[in-house]
Amino acid sequence: MTRILAVDDSPSMRQMVAFTLKSAGFDVAEAEDGAVALKMAQAEKFGLVLADVNMPNMDGLSLVRALRGLPDYKFTPLLMLTTESTPEKKMEGKAAGATGWLVKPFNPEQLVGTVQRVLG
Amino acid sequence: MNLDLERFHKTFFEESFENLDLAEAALLRLDVAVFDAETINTIFRAAHSIKGGAATFGFSAVAEFTHHAETLLDLMRSGKRQLAQPDIDLLLRAVDTLHGLLGAARDGSAANLAQVAEVQQALEAALSRPSVVPPAATIAAAPAASGWRIRFAPKPDLFRSGNDPLRIFRALAALGELRAEPVPQPLPGLSAADPETCYLAWTLELDGAATLAEVADCFAWVEDECDLAIEPRQPAVAEGMPPPTGVNVVALPVATVRAADTVPKTAEVASSIRVGTEKIDALINLVGELVITQAMLTQLAEALDPVQNEKLLNGLSQLDRNTRMLQEAVMATRMLPMEAVFSRFPRLVHDLASKLGKQVRLVTVGEQTELDKSVIEKISDPLNHLVRNSLDHGLENSESRVAAGKDAVGTITLKAAHQGGHIVIEVGDDGRGLDAARILAKAREKGVPCGETMSEAEIYQLIFAPGFSTAEQVTDVSGRGVGMDVVKRNIQALGGSVELASRPGRGATVTIRLPLTLAILDGMSVGVGEEIFILPLSSVIESLQPLPDQVKRVADAGTVVRVRNEYLPLVDLRDWFSLPGARRPPQESIVVIVEAEGRKVALQIDELVGQQQVVIKSLEANYRRVRGVSGATILGDGRVSLILDVAAVVRLFSQSIAA
Amino acid sequence: MSIAAGNTGPVNAQIAAGTPNEFLTFTLGEEEYGVDILKVQEIRGYDTVTRIPDAPDFIKGVINLRGTIVPVVDMRLKFKLGSAEYNEFTVMIILNIAKRVVGMVVDGVSDVMQLTAEQIRPAPEFGSVVNTRYITGLGALDQRMLILVDIEKLMSGADMALMDSHSQALQ
């Protein structure tokens with residue numbers, strides 16, 4: 001079963017994402033910042049990582065860069081959860097190696113739809 | 001440092017006018033239903049370039065005006081302003097205004113300030129409101145089978161961002177029925193292939209009512225990691241993305257369709273340099289002189305003993321070949337594709353159709369056919385008039401057309417092709433065609449001379465008679481019938497001919513035949529008395545020495561020669577040119593049968609001298625037009641020889657016999 | 001002799017405006033004429049001339065001047081002055097006027113003369129073969145009297161039949 005890693009420093013956000021996806025039948029793990037997420041990612045192979053951009057200890061972009069350096073995560077879908085949708089921000093994310101993005105605020109349907117698209 | 005920059009002004013103006021042409025052509029290509037980023041960018045870059053140059057060289061009025069257009073285009077190209085026909089029309093007007101402004105700046109004359117102010121205000125007004133799409137009249141066309149054709153070519157690194165084309169296809173498949181086909185392209189063998197690299201590209205067909213936004217959305221994450229083109233599948237009437245106001249936009253039906261044999265060229269990186277036409281003309285003159293000198297040498301060499309002078313004669317023969325090739329090559333530098341002429345017609349047809357309230361499409365074929373620059377310059381006006389004529393009088397309005405079971409949109413076709421030593425240009429329409437009975441009646445009414453029995457082709461030719469017009473209302477578009485006879489005269493002045501063909505109710509075609517170049521002629525030299533004249537080889541059919549029973553005198557009309565079953569009027573060139581010397585009876589002379597404008601005449605000469613290519617020299621430059629003479633040339637011995645205007649002879653003599 | 005009163009207006013104006021004062025002189029019939037040297041391109045002998053149909057008798061035809069077709073007018077025929085012979089002494093003056101090149105045959109070419117304003121007098125009302133409207137003045141030097149001709153105007157005139165009527169209208 002594909003495991004999803006949801007990374008966000010806001011507990012409510014984290015919980016919303018985890019709850020929504022679990023209700024849709026997905027298996028979800030949580031991390032409160034990039035550093036924790038990176039450790040978890042090295043310990044087990046996740047099929048999808050959803051990461052907020054602004055986080056303490058290691059922000060989302062750095063996490064994505066770090067993950068792309070790991071052999072297991074070369075082609076893994078990594079999605080940014082971001083409040084900003086300017087072309088510049090999108091470019092930054094892509095440059096770091098992100099697969100795509102989801103713009104906050106998003107509703108549960110959008111979240112589930114996107115994840116289903118990505119994971120098939 | 002104004003003085004320093006002035007040397008660049010000429011280039012700036014040349015570039016700017018070229019940019020305006022580019023912008024105009026691109027504006028006419030734009031279809032409001034399709035967001036064609038590249039075309040809009042082309043227009044933007046053109047405006048941007050003109051503005052930059054104008055600002056640099058101190059043409060502030062131009063810079064300021066262009067700035068507004070540039071702003072509008074910038075919004076359009078970034079997708080912030082939706083494409084709308086009123087904007088396109090406004091930009092076309094801006095192009096016209098810029099033309100005037102640039103011309104005024106270049107010539108130091110006064111610009112049309114009223115027009116500039118008006119268009120500038122319109123641009124400012126447009127910028128201050130979001131693009132408003134007025135409800136356009138819908139055409140009664142079949143409902144579009146909608147859907148999209150998508151060309152998707154991921155860059156090799158696509159996988160590295162964790163993206164997967166399959167995912168995208170799945171998303172698309174959720175919008176409608178999807179067919180995906182890989183684009184055939186060379187793939188590395190399995191052992192050489194890198195599984196982390198994307199080698200494939202696809203053409204996808206999506207049925208259904210998905211909007212452009214929905215389709216584009218599926219590719220949102222990979223926009224910059226692929227080459228993507230999304231096209232609606234029914235280009236003529238496409239219901240594009242629903243505009244915010246909820247009004248349906250239907251594209252206005254003026255599209256320029258290119259026939260299959262001319263593939264629009266993408267920007268070719270061809271190396272070229274600009275050369276002033278005076279330099280080319282000087283070059284052509286010099287080559288012309290070379291041809292004459294070489295002909296003279298050849299002639300002198302005829303008197304030499306071939307055995308003793310073998311090397312010299314071989315050399316001269318080589319010189320002859322080299323000169324011919326040089327001449328062809330130099331003439332080719334002045335050859336331009338017909339595109340130069342055809343390019344102004346999309347705009348003309350668009351504006352005129354609009355003004356007349358008719359729906360018209362323009363089809364051009366053979367734009368790449370080449371023609372000498374001097375001929376191109378002179379054929380422009382006649383073609384202009386013929387196209388206007390077709391639009392004005394030939395094509396019916398939509399209601400009449402539909403009532404007649406025709407396509408509501410009329411078609412005007414411009415065609416150019418080479419045929420032998422000539423270029424054939426056709427202007428055709430699928431309008432109401434020519435009414436021979438009406439033409440004949442009108443001709444009689446206007447006192448235009450008509451024969452008792454005239455063929456259909458001859459009746460159509462009456463349209464070219466001076467003072468003729470069958471239009472029910474004379475419009476200011478194509479004039480009072482003063483146009484057609486001037487058109488014919490202009491074409492004849494180029495050494496060409498014009499014919500009309502028509503199918504009543506189905507349309508009419510004007511066919512213009514022109515020599516490829518004005519400067520060189522294949523001629524037959526003939527001797528009459530002390531003089532040598534040149535007959536254009538293309539008009540010569542045959543030559544013979546008539547038998548006594550072939551020659552007949554017709555009372556009051558002259559002499560005719562029977563050639564097979566035809567009786568042809570006989571013209572003694574001695575008479576025609578008022579040359580001294582005794583007249584010889586035809587059966588003791590040589591007769592050359594020539595043809596022009598579909599009619600034949602027999603010319604009586606003393607002897608056939610030879611055949612040669614001659615350089616045509618103008619008589620009118622220093623003298624004036626001479627009846628019966630179309631030009632002059634210089635023979636190998638330095639003498640001037642006159643070139644016979646066969647058409648003039650034919651016209652005069654075949655009429656007098658027919659009467 | 002000072003410039004006579006009466007007909008002085010136009011001549012004075014011309015001189016004031018900087019009249020040409022270098023003239024090529026030639027003989028035609030009984031008289032000597034002078035034309036503005038700046039209008040003269042060259043002087044040639046009379047060589048092969050190709051007849052032009054329908055031309056008046058004084059237009060002999062055209063010649064090949066280094067590749068350009070140039071019409072030739074015989075002034076002796078035009079002004080009906082004696083017999084026109086064509087031999088090795090026959091002289092043609094090639095003129096450059098109104099952007100055209102034209103040749104004229106005369107009896108003989110003399111020399112180039114400089115005339116000051118004082119040496120130029122107004123033209124008489126009558127007495128010359130050439131219409132007075134084409135005469136800009138009379139030059140007097142030593143014993144010679146030169147009839148100064150506006151050769152451009154003369155050659156462009158309708159009676160010269162060298163130009164189409166619409167080009168004449170532009171003169």
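First, the ground rules. This is a predicted model, where local features need pLDDT of at least 70, side-chain atom pairs count only at pLDDT 80 or more, and totals for chains, interfaces and linings use all residues. Residues are numbered from 1 along each chain as its sequence is written, and chains are lettered from A and ligands numbered from 1 in the order in which they are written.

Start with chain B. There is an open sheet of 5 strands, in the order β21-β13-β14-β23-β22, and the pairing is mixed. Strands here are DSSP runs of E, at least two residues, numbered from the N terminus. Two of them pair if DSSP finds at least two bridges between them. The edges are β21 (607–615) and β22 (629–634) of chain B, each pairing on one side only.

Now look at β22(B). Its partner is β23 of chain B, residues 640–644; they run antiparallel, over 5 bridges. One pair to find on screen: Ala632(B) bridges to Leu642(B) in β23(B).

Next, where chain B meets chain A. Contact means C-beta atoms, placed from the backbone, within 7 Å. On that basis 10 residues of chain B touch 13 residues of chain A.

Last, chain C. How many helices and strands does chain C have? It has 4 helices and 11 strands; a helix is a DSSP run of H or I, at least four residues. Take contacts in chain C between residues at least 6 apart in sequence: 55% join residues at least 24 apart.

That's the tour. Happy to take questions.

Definitions and conventions. Two residues are in contact if their C-beta atoms, placed from the backbone, lie within 7 Å.
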